[in-house]
Amino acid sequence: MYTAAWAASGYAAAHSRPGPIAHFFERRIETVAQLLRDVPGGPLLDAGSGPGMMVRHLVDRRPGDFEITALDRSEAMIDEARTVLGDDMDGVKLCVGNIERMPFPAATFDAVLAMGVLEYVDVVAALREVARVTRPGGVAVVTMLNPRSPYRIWERFVHHPVCRARAIGERLLGVPRERRRGAARNCAEVLGEEHLARLVRAVGLHPVSTVYFDFNPLPPPIDHLVADIAVAAERRLARLAGTPVRRLGSSFALGCRREGPPTTATAPARTG
């Protein structure tokens, strides 16, 4: 039977299952870690943390540098993060909450991450909260799918519509949800770099650097059918990140600096 816990476990497993999806997650973690390289440590928030893979990376690669708080609106994801971290919970706090209304005082964190979450929430509300809880002089790193990349254009206008149609057919045929191959996934909102940068500035964050990543040249589902080829090709094309055609990357990360006094705090949300 499909459950939130089953979905969280499957999402966590996708990070280590060989293929383009796990490779994408790996690239995203590497890119965000790159943008954090000049942050010496301190309180860090991973907002929309999912099963805690970025937290796991920071615990492994920079042990003791950060006092980490992982926040996700799904209790099942937080439970999965607890499993992923195992005994490595020193300096890590896990909590359930919504990025659009976070349960933290203003100016709490030296670094705030929002990875793979802005596409599925109210972007303005989420960015306002990210800015609110970031200390002046602190760093915020947010990621977004790149709507102008060939991969995302194909995914949005071809692959996702086909998957949705297939999911409808499977549902009508009574196929159990956990056995359906058609995924009715869709992003609530996908923004280009310029648009996202404008929103970031509007909430009091200053964009410092943008890094594009994941240059998978094969559209879905072909990339999954020839996974080894897709991953090998992406690794070769990753050098495009430092060239004028970097915007071919399927996603990007925006590194920002918090300037000035904290924004007006909203009332904190309740956890749980």
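## Model confidence

In this predicted model, the protein chain has an average pLDDT of 90, and 90% of its residues reach a score of at least 70. Residues 262-272 are a stretch where pLDDT stays under 50. For that stretch the model has 26 contacts beyond four places in sequence.

## Overall architecture

The protein chain contains 9 helices and 7 strands. Its radius of gyration is 18 Å, close to the 19 Å that the globule rule gives for 272 residues, so the chain is as compact as a globular protein of that length. Along the principal axes, the C-alpha atoms fill a box of roughly 55 × 45 × 30 Å.

Of the 272 residues, 48% are buried. Among contacts with a separation of 6 or more, 78% are between residues 24 or more positions apart.

## Strand E4 and its neighbours

Strand E4, residues 109-114, is mostly covered, with 5 of its 6 residues buried. Strand E1 (residues 42-47) runs parallel to E4 and is joined to it by 4 bridges; within this pairing, Leu 44 stands opposite Ala 111 of E4.

Strand E5 (residues 134-145) also pairs with E4, in parallel, through 5 bridges. Here Phe 109 has Thr 134 of E5 as its bridge partner.

## Backbone features in the loops

Most residues other than glycine have a negative phi, and most peptide bonds are trans.

Ala 107 lies in the loop between strand E3 (92-96) and E4. Its phi is near 55°, a positive value in a residue other than glycine. With a relative accessibility of 23%, Ala 107 counts as partly exposed, because the buried class requires a value under 20%.

The loop between strand E6 (205-213) and helix H8 (222-225) holds Pro 221, and Asp 214 is placed in the loop between E6 and H8 as well. Asp 214 has a positive phi, near 65°, and is a residue other than glycine. At 5% relative accessibility, Asp 214 counts as buried. Pro 221 is joined to Pro 220 by a cis peptide bond, with omega at about 5°.

Terms used: Residues are numbered from 1 along each chain as its sequence is written. This is a predicted model: local features need pLDDT of at least 70, side-chain atom pairs count only at pLDDT 80 or more; totals for chains, interfaces and linings use all residues. Side-chain values use heavy atoms; hydrogens and water are left out. Buried means under 20% relative accessible area, exposed over 50%, partly exposed in between (1.4 Å probe, protein chains only). Helices (H or I, at least four residues) and strands (E, at least two) are DSSP runs, numbered from the N terminus. Two strands pair if DSSP finds at least two bridges between them. The radius of gyration is taken over C-alpha atoms; the globule rule is 2.2 Å times the number of residues to the power 0.38. Contact means heavy atoms within 4.5 Å. pLDDT is the predictor's confidence in each residue, from 0 to 100.
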